[in-house]
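Please examine the sequence and the structure shown here before reading on.

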Amino acid sequence: MSDVEDADDRSTDPAAHDAADAHTDFASAMSYGDYLGLPPVLSAAHPLTDAHDELLFIIQHQTSELWMKLAIHELDAAIVEIAAGRLRPSFKMLTRVARIFEQLKNAWDVLRTMTPSEYARFRDELGVSSGFQSYQYRAIEFLCGNKDREMLRAHQHDPAVLAELERRLHADSLYDVTLQVLSDAGFDLPEEVLSADRTVARSSDPAVLAAWQAVYADPQAHWSVYELGEKLVDLEDYFRRWRFNHVTTVERIIGSKTGTGGTSGVQYLKRRLDVVLFDELWEVRAAL
């Protein structure tokens, strides 16, 4: 085939035309990297050793924090929508949070490709830093109603973060606004339930369980509240899977060692698996 024929073939290739027409001069225009702020993002990982797997460890946790930032954004918005009685927009947000938790769960599968020997090469460089100190994870727990003032102690060194977590400690959680929706829908919930101390985790209440039992006994009559309940169960389901995958990953890599942050490591994480966010929504399954 001649050079001329080659040129003719390229001229009929749509991909070649697209590449030729693509913008390549960004002297006065915003590029993909500019919009995403990629230079600081991609230069944020600073391994402290020459261990090959340290970059994996850092990026695993940095990307998890980015996904948590989005989860907080969606949870904040969902609480506003639910509190205003606009349930349908909140369903999309809650579904997105559940899928974010799935993404976070799957990320542990990548970290599990690191062996104990490989982690040991740089673990000492972590000092006392630990995922236990993630303030965004703490914010997610507070948003979902698992509140514990004791957890603020790890953030006393950062006044801005401490103030933000204090605000979230006192604010309505996702389940608080959901219970108000139940009350507004005509279900008889005690005032002590609706006005309970926002700074502590709730415990199961018989009146709340009875309300959910009525909803689940006749979904068609209470469809919006029923769907909200299922969105919360879906969210907690994926949240549990994320935590469980975390436990198995840590156990696979460090066994029963004490965590770098001073906790008991795997044993601490296993105890956290027993935490339930929306008690009555799980109890109602057995009550039907």
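Predicted model: local features only at pLDDT ≥ 70, side-chain atom pairs only at ≥ 80, totals over all residues.

Residues are numbered from 1 along each chain as its sequence is written, and side-chain values use heavy atoms, with hydrogens and water left out.

Me: Is Asp176 buried or exposed?
Reply: Asp176 is located in helix α10 (residues 174–184); helices are DSSP runs of H or I, at least four residues, numbered from the N terminus. Buried means under 20% relative accessible area and exposed over 50%, with partly exposed in between (1.4 Å probe, protein chains only). Because its relative accessible area is 11%, Asp176 is buried.

Me: Which residue has its backbone nitrogen 2.9 Å from a polar atom of the side chain of Asp176?
Reply: Leaving out residues up to four places away in sequence, Asp176 touches Ala171, Arg198 and Arg202, where contact means heavy atoms within 4.5 Å. The backbone nitrogen that lies 2.9 Å from a polar atom of the Asp176 side chain belongs to Ser173.

Me: How many of the 10 residues of helix α8 are buried?
Reply: The buried residues of α8 include Tyr137, Ile140 and Phe142. They pack against several helices, among them α10 and α13 (223–254). Helix α8 (residues 135–144) is largely enclosed by the rest of the structure, because the number of its residues that are buried is 9.

Definitions and conventions
Helix = DSSP H or I, 4+ residues; strand = E, 2+ residues; numbered from the N terminus. Polar contact = N/O pair within 3.5 Å; in protein donor to acceptor, adjacent residues only side chain to side chain.
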